[in-house]
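Colleague: Could you walk me through this one before I set anything up?

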Amino acid sequence: MLVPVSDVGLGDRAAQVLRRNDLGSMTAAAPRLYPHMWSWDSALIAVGLAQLSVPRAVTELRTLLRAQWSTGMIPHIVFSAGDGYFPGPERWGTQAAAAAPASVRTSGICQPPVHAVAVRRIVDAGRRAGGSAREEAEAFVRETFGAWLAWHRWLATARDPDRRGLVEIYHGWESGMDNSPRWDRPYAAVVPGAELPSFVRTDVDHVGDARERPTDAEYGRYLWLVEQLRRVGYDDDAARDVVGFRVADVFTSAILAVASEELALLGEELGAGSGDDVAELRELAARFRAGVASTVSPSTGLARDLDRRSGEWIETETVAGFAPLLCGPDDRQRELFWGERWCGHPALAHPLPPTVSPSDPGLQPRAYWRGPVWPIVSWLFSWAFARHGDDDGAGRLREASLRQLAAGDFGEYYEPFTGEPLGSLHQSWTAAVTLDWLS
Ligand code: 9YW
């Protein structure tokens, strides 16, 4: 019998969320709103699971890898048997795609490559626990190194055809930051065709206030892009030519840089992959780090995305502008991050990075990726700060986040000025990063 959540501590409550959302060999991203496995969620969920059980964390990532496409792409959704989410497998129509796996139903686009970061955390947890946990974690790296390498290689080729060191995305969903104002300009050029099949949204049924979700107009554009990709069978070359949204995403590029470095280190430490593989990953890390640095605006000091269709920089001040801080220490960015335009803004409930600068009058405090604080974003920065030796920065994010999370609702995102949890509650990755912060 389940213990009532109010009777247990934060770590126990977080563990309980992961147990309740556990579908067996995958974890639903959220109990009702997202009844399937999402790619970057599953990686962060594995980070939390590793604190509870290394074998269960390994299972999560094995399930994800079973959905990997023959091109190397890891799809953004792996569908469970559950329903109630739109667009589901029929709308994606990936069965007809040559590269899709035969026995698993998936979407046809990807999400940020945080997976090697999760593999590193699983190895760390395995080593702390010792014995069979250590053996299993290390064996998992040896067994799956080639699959992760194929994933990074796909991003570096299919999605960076000109070798700029920037990953191109074909859908805002691929950034993980679906309706961020970063994408407003490129989306304005996406005009749904009359052939767009009609649709009924289900997401608005699962949140208290529809204004916390993207609008119907936004959804029409999202589904039109799916339609364009579906019609070319999700073929990488054809997709590049037909899709109405092509943006070099600086945040995803930074994640690819740092995750490639982690994978190279794991390969070296554990004798997984060849010397050439490790060297290739190091080259990718250097290429994407340089790509990220090349986007920094001299006036704002923030990194920018590049709209590949219009050739224009995207100047919106969002948290993605701190992409260089994921790659390594950067004094100017560090000052900005903690300064008054961001975490040091006096009106914030907690000194944590909102998705849009609190000094920007366009910030919408309750609207999804247009203002709220997302705990997983704070976690990524705290992980990166610790990795680069900035223990003070990592500690500050950890403490503020644990204060934000103390009520134990594990919101999908939080109102930046009041600290109220928003979106779906009992969100798996929010609970997972809480467990990591408590470890
Ligand atoms: C959707 C699952 C996903 C996240 C995304 C987030 C949201 C799905 O939920 O997208 O239908 O809106 O934007 O980053 O992976 O948690």
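Predicted model: local features only at pLDDT ≥ 70, side-chain atom pairs only at ≥ 80, totals over all residues.

Colleague: Fine, how many helices and strands does the protein have?

Modeller: The protein has 17 helices and eight strands, taken as DSSP runs numbered from the N terminus (helices H or I, at least four residues; strands E, at least two).

Colleague: Which residues are around the ligand?

Modeller: Ala-29, Tyr-34, Trp-38, Trp-40, Asp-41, Gly-176, Asp-178 and Asp-203 are around the ligand, each with its C-beta atom, placed from the backbone, within 6 Å of it. This shell divides into four nonpolar, one polar and three charged residues, where Ala, Val, Leu, Ile, Met, Phe, Trp, Tyr, Cys and Pro count as nonpolar, Asp, Glu, Lys and Arg as charged, and the others, Gly among them, as polar.

Colleague: Switching topic, which residues of α16 are buried?

Modeller: In α16 the buried residues are Gly-393, Leu-397, Arg-398, Ala-400, Ser-401, Gln-404 and Leu-405; buried requires 20 or more other C-beta atoms within 10 Å of the residue's own, exposed 12 or fewer, and partly exposed lies in between, with C-beta atoms placed from the backbone.

Colleague: What covers them?

Modeller: The cover includes α1 (10-20), α14 (331-338), α15 (375-387), β7 (413-414) and α17 (428-438), with contact meaning C-beta atoms within 7 Å. The buried residues of α1, in turn, pack against α2 (39-52) and α17.

Colleague: In what order do the strands of the open sheet run?

Modeller: The order is β3-β4-β5-β6, with antiparallel pairing, where a pair needs at least two DSSP bridges. The edge strands, each pairing on one side only, are β3 (167-169) and β6 (313-314). Between β5 (residues 305-307) and β6 there are two bridges, and Asp-305 has Ile-314 as its bridge partner in β6.

Colleague: Last one, why does Gly-193 count as exposed?

Modeller: Gly-193 counts as exposed because it has 9 C-beta neighbours inside 10 Å, and its place is in the loop between α8 (184-188) and α9 (216-231).

Conventions: Residues numbered from 1 in each chain as written. Contact = placed C-beta atoms within 7 Å.
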